[in-house]
Amino acid sequence: MTALVVDDNIVNRAIHLRLLDNLSIENEAVGNGKEAVDIHCSGKTFDLILMDMDMPIMNGIEATRKLREMGIRSMIAGVSTRSMEQDVREFIEAGLDDYQEKPLTMSKLISIIHKINGNG
């Protein structure tokens, strides 16, 4: 399994990468939505994309929408500190498969992975 972490916050990125490492999931990280789109344009694919909502250049909502328009079928899990229902709904409607509030924990990550494996 491979995962892409999309987050502009270096601390959040480090936490997410460590959680993935602990589960022996191959991973990469980028700092904004545009980089996430670009890495897919270069031909890379991932089983899981952990997508932050609030980022510079291209936010998570725009990036998720764009990836779905490109035909990307990866599991995209939104991970954000936002809890307002309207924000979350817009993010989900952009094409998310799952949404988790930060901080991402091992149990939240495992629940996302179970959905990928069809156990959730």
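Visitor: How much accessible surface does the protein chain have, and what share belongs to carbon and sulfur atoms?
Guide: Happy to start there: this is a predicted model, in which local features need pLDDT of at least 70, side-chain atom pairs count only at pLDDT 80 or more, and totals for chains, interfaces and linings use all residues. Residues are numbered from 1 along each chain as its sequence is written, and side-chain values use heavy atoms, with hydrogens and water left out. Accessible areas come from the Shrake-Rupley method with a 1.4 Å probe, and for residues only the protein chains shown count as cover. The surface of the protein chain comes to about 6100 Å², and the share of carbon and sulfur atoms is 48%.

Visitor: Which residues have the most contacts inside the largest nonpolar core?
Guide: Such a core is a set of buried Ala, Val, Leu, Ile, Met, Phe, Trp, Tyr and Cys residues joined through side-chain atoms within 4.5 Å; buried means under 20% relative accessible area, exposed over 50%, partly exposed in between (1.4 Å probe, protein chains only). The largest core has 22 residues. Elements giving two or more residues to this core are β1 (2–6), α2 (33–41), β3 (48–52), α3 (60–69) and α4 (85–93). Those with the most contacts inside it are L4, V6, I49, M51, L67 and F91.

Visitor: Is D52 buried or exposed, and what is its relative accessible area?
Guide: UniProt, in an unreviewed entry, places "modified residue: 4-aspartylphosphate" at D52; its positions are given in the numbering used here, feature names are shortened, and annotations may be inferred rather than shown by experiment. D52 sits in strand β3. Its contacts (heavy atoms within 4.5 Å), not counting residues up to four places away in sequence, include D7, D8, S80 and K102. D52 is buried, and the relative accessible area is 5%.

Visitor: Which residues does H16 touch, not counting those up to four places away in sequence?
Guide: H16 belongs to helix α1 (residues 10–22). With 3% relative accessibility, H16 counts as buried. The residues H16 touches, on that count, are V5, D7, L50, V79, K102 and L104.

Notes: Helix = DSSP H or I, 4+ residues; strand = E, 2+ residues; numbered from the N terminus.
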